[in-house]
Amino acid sequence: MDFGILSLLPPVVAIGLALITKRVYMSLFLGILAGSLLYNNWNIVASASHIVNTIIGSVELTSITGISSFTGVGNLWNLLILLFLVMLGILIALITRAGGALAYGNWASTKIKSKEGASLSTSLLGILLFIDDYFNCLTVGTVMKPITDKFKISRAKLAYIIDSTAAPVCILMPVSSWFAAVVGNLGESGVGTGALSSMSPSGVFFSAILYNTYALVALFMVSFIISFKKMDFGPMKVHEKVATETGDLFNGDAETAAIESEIEPLSGGKISYLVLPLVVLILAIIFAFMISGGLFAGVGIIESFLSMDASWGLFWGGLVTLLFTVVYFIVSKAVPAKDIANLFAKGSKLMLPAITILILAWSLGSVIGDLGTGTYLSSLIQNSLPVQILPAILFLLSGFMAFSTGTSWGTFGIMLPIAVPMAVGLGMPEFVVPFVAAVLGGAIYGDHSSPISDTTIMSSTGAGTKHIDHVQTQLPYTTLIGIMAFLGYLIVGYTINLGYWVSGLINLLFVAFAVYIAASFLSKKHVVNALQIN
């Protein structure tokens with residue numbers, strides 16, 4: 001059945017209620033309920049069954065027969081991500097109890113002398129960990145929380161820095177899980193064959209980097225906000241002011257603060273109790289990534305990265321690290337053996353909010369898929385539109401699709417097979433690169449902004465902040481960049497005839513300068529109450 005514009009009902013209900021009520025669980029469930037009722041023609045019994053099957057199906061495991069089965073079997077990807085979250089929560093609890101995080105924070109505060117230095121260090125680490133966005137979000141948060149806490153950086157600000165150096169970095173790097181996803185979609189979209197036989201999927205990816213305006217300017221804005229004091233605006237300004245003046249990093253969110261305070265650090269903690277487990281985690285995950293990509297099956301190192309299964313690598317890397325850490329802490333007497341079981345429970349509890357939101361978000365995404373929301377949105381593009389405005393339209397539509405569905409990879413899969421043939425059909429292959437870049441940029445914008453995006457959820461989890469606080473404080477920033485990026489793609493459409501570099505640089509400089517001017521203006525105005533949702 002074609003649900004048309006009604007297919008937008010579930011994401012509108014879920015996202016709208018989440019922003020208005022701040023009750024994420026309820027909002028996501030009501031979005032699922034609305035979609036199920038619509039899908040089942042308002043039959044309550046059938047809808048109830050559909051909801052139960054959808055939620056169970058989001059983490060259902062059908063079979064395991066080997067490494068190759070870890071891709072595309074049931075929803076094993078989702079299940080492995082949840083198990084990795086549990087293991088990471090336990091790992092955080094162990095490190096905190098051993099005093100490793102406290103010792104590292106004390107040491108780092110002697111090396112990093114300012115709030116700006118702590119924020120800059122966080123962003124640089126995020127840029128360096130570009131292999132996978134989940135890995136990035138959770139690792140950066142674990143490492144940097146002790147340092148940013150010392151300098152009274154709000155957890156909402158930490159989540160923003162983490163989120164802005166996760167997907168926007170991964171989409172620009174040729175060795176990442178995102179590169180593999182994009183190149184695969186480009187190949188299926190016709191790049192490298194027929195009229196586009198002179199192009200290669202990887203070549204189009206590299207060429208699109210200059211036009212990937214949203215990702216590039218998102219990174220610019222992070223450095224801009226960090227480098228210039230008092231440049232925050234909107235709800236973020238409130239969080240930062242409260243953190244600086246009162247030391248409350250959670251802006252009154254006593255529940256999240258209480259969960260973290262349940263784990264009391266032991267005296268005599270060492271920096272190695274944090275650093276060594278994290279080094280093992282990074283190396284184990286990278287090695288597991290390459291194994292999942294066929295490293296021991298005759299595949300080269302680079303090729304194994306491009307073919308990796310991120311969820312498989314995260315799970316096994318996390319498991320190896322957790323086992324190592326437990327043995328290391330018991331042998332070194334960092335944590336009494338009798339505390340281990342209790343720390344497993346407390347660490348799992350740390351991740352319960354993220355796990356609940358992820359399951360509900362995945363379930364909502366499944367319902368949205370049943371209704372054909374993505375297909376409906378893609379059908380809105382009309383070939384009668386002037387070709388010059390198509391990059392901007394593709395950016396806008398991809399952004400709205402990713403925001404509504406919570407998935408950038410799903411947006412790639414739907415929009416790239418539309419954008420590439422569109423350029424060929426128009427007889428203008430020179431528009432392939434800006435069309436592809438517009439889709440990628442729009443997908444990153446929607447993913448970066450959406451309350452139901454897994455990357456947004458992971459960022460709030462890694463920072464240890466309330467999810468809706470992260471969404472509301474970040475949204476004014478991402479919206480500002482998105483508006484300017486839309487205008488930039490209009491410039492691309494009308495200047496592409498000037499040449500690749502000229503058009504790309506004009507677009508990029510315009511957007512960066514416009515964001516700089518607008519952010520400077522907003523930070524000086526009393527717009528906090530107007531932008532904050534109570």
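Let's start with the rings: a search of the whole structure finds 19 aromatic pairs (Phe, Tyr or the six-membered ring of Trp, centres within 6.5 Å; planes under 30 degrees apart are stacked, over 60 edge-to-face, the rest tilted). A word on the model: it is predicted, so local features need pLDDT of at least 70 and side-chain atom pairs pLDDT 80 or more, while totals for chains, interfaces and linings use all residues. Residues are numbered from 1 along each chain as its sequence is written, and side-chain values use heavy atoms, without hydrogens and water.

Select Phe224 and Tyr516. Their rings pair edge-to-face, 5.0 Å centre to centre with 65° between the planes. Phe224 sits in helix α12 (residues 213-227) and Tyr516 in helix α25 (residues 500-524), so the pair ties together parts 292 residues apart in sequence. (Helices here are DSSP runs of H or I, at least four residues, numbered from the N terminus.) Phe224 is buried at 4% relative accessibility, whereas Tyr516 is partly exposed at 33% (buried is under 20% relative accessible area, exposed over 50%, partly exposed in between, with a 1.4 Å probe and protein chains only).

Next, pick Tyr328 and Phe329: with ring centres 5.6 Å apart and planes at 45°, the pair is tilted. Both Tyr328 and Phe329 are buried. Then highlight Tyr214, Phe395, Tyr445 and Tyr489, which ring pairs link into a cluster.

Last stop: show helix α8 (residues 155-164) with helix α24 (residues 467-495). Where do α8 and α24 touch? The contact (heavy atoms within 4.5 Å) involves Ala156, Ala159, Tyr160, Asp163 and Ser164 of α8, and His470, Thr473, Gln474 and Tyr477 of α24.

Note on methods: Helices (H or I, at least four residues) and strands (E, at least two) are DSSP runs, numbered from the N terminus.
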